[in-house]
Amino acid sequence: MRTAATLALAAVLPLSAPAAADTSAGAPTMLPIDAAVAALQTADESRTGYSRTAFKHWTSGDNASDGCNTRQEVLIAEAVTAPEVGPRCTITGGIWLSYYDEVTVEGARGLDIDHMVPLAEAWDSGASAWTAARREAYANDQGQPASLVAVTARTNRSKSDQDPASWLPPAPGALCRYGAEWTATKLRWNLTIDAQEKTALLDIASSCDGTTVTYTPAP
């Protein structure tokens with residue numbers, strides 16, 4: 001299961017870390033952030049036919065026997081102080097750090113689970129051609145820590161379905177991590193970027209020298 005320390009390090013690592021040469025299924029790939037952005041394919045976007053219901057979530061999560069859905073499992077995994085978990089995965093107590101705005105949150109009520117690349121943006125970028133099963137896998141992805149993140153409801157709703165050309169996290173210290181995690185998620189799911197998005201990501205990369213993007217291709 002993911003931990004808060006794993007989340008902080010998963011997509012942002014120093015360039016001194018060795019780049020992975022093995023690109024076989026399930027093997028992580030590590031790239032400098034500028035090279036990772038360059039590896040993304042550019043294409044026009046289309047939201048034709050999009051519906052949020054095309055992405056089934058929140059499902060029973062990675063552990064179907066724990067009584068928790070994906071949202072609850074992410075909350076438990078990302079807590080910096082563990083909450084109490086009661087019957088039917090009732091979560092009480094706990095402390096979280098919302099890295100988008102660097103706000104400490106006590107109790108899960110003030111948190112949303114953000115899809116790093118929003119569902120509508122994923123649809124625009126290639127998910128419209130996926131099967132329903134693959135969209136469900138995307139919407140509940142815990143196989144890469146960057147894919148789902150617990151943040152304040154305020155920042156999640158401010159972000160909505162916007163890409164980095166239109167929205168970035170308000171905390172200056174979050175920029176490099178956010179750019180790396182956005183890029184990692186798009187690479188993991190083989191999603192495209194549009195021209196404005198690419199410009200924004202390259203701009204982030206230019207100010208984040210030393211940041212490495214780590215991703216594992218989705219099954």
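Visitor: What is a disulfide?
Guide: Look at the sulfur atoms of two cysteines. If the pair lies within 2.5 Å, the link counts as a disulfide.

Visitor: How many disulfides does a search of the whole structure find?
Guide: This is a predicted model, where local features need pLDDT of at least 70, side-chain atom pairs count only at pLDDT 80 or more, and totals for chains, interfaces and linings use all residues. Residues are numbered from 1 along each chain as its sequence is written, and side-chain values use heavy atoms, leaving out hydrogens and water. C68 is joined to C89, and C176 is joined to C208. The search of the whole structure gives a count of two.

Visitor: Is the disulfide of C176 and C208 left-handed or right-handed?
Guide: The S to S distance here is 2.0 Å. The torsion about the S-S bond is about -90°, so the link is left-handed.

Visitor: Which helix holds C176?
Guide: Helices are DSSP runs of H or I, at least four residues, and strands are runs of E, at least two; both are numbered from the N terminus. C208 sits in the loop between α8 (195-206) and β8 (212-215), 32 residues apart from its partner. C176 lies in helix α7 (residues 175-188).

Visitor: Is C176 buried or partly exposed?
Guide: Buried means under 20% relative accessible area, exposed over 50%, and partly exposed in between (1.4 Å probe, protein chains only). C208 has 2%, so C208 is buried. C176 has 23%, so C176 is partly exposed.

Visitor: What pattern do the disulfides of the protein chain follow?
Guide: Count the bonded cysteines along the chain. The pattern is 1-2, 3-4.
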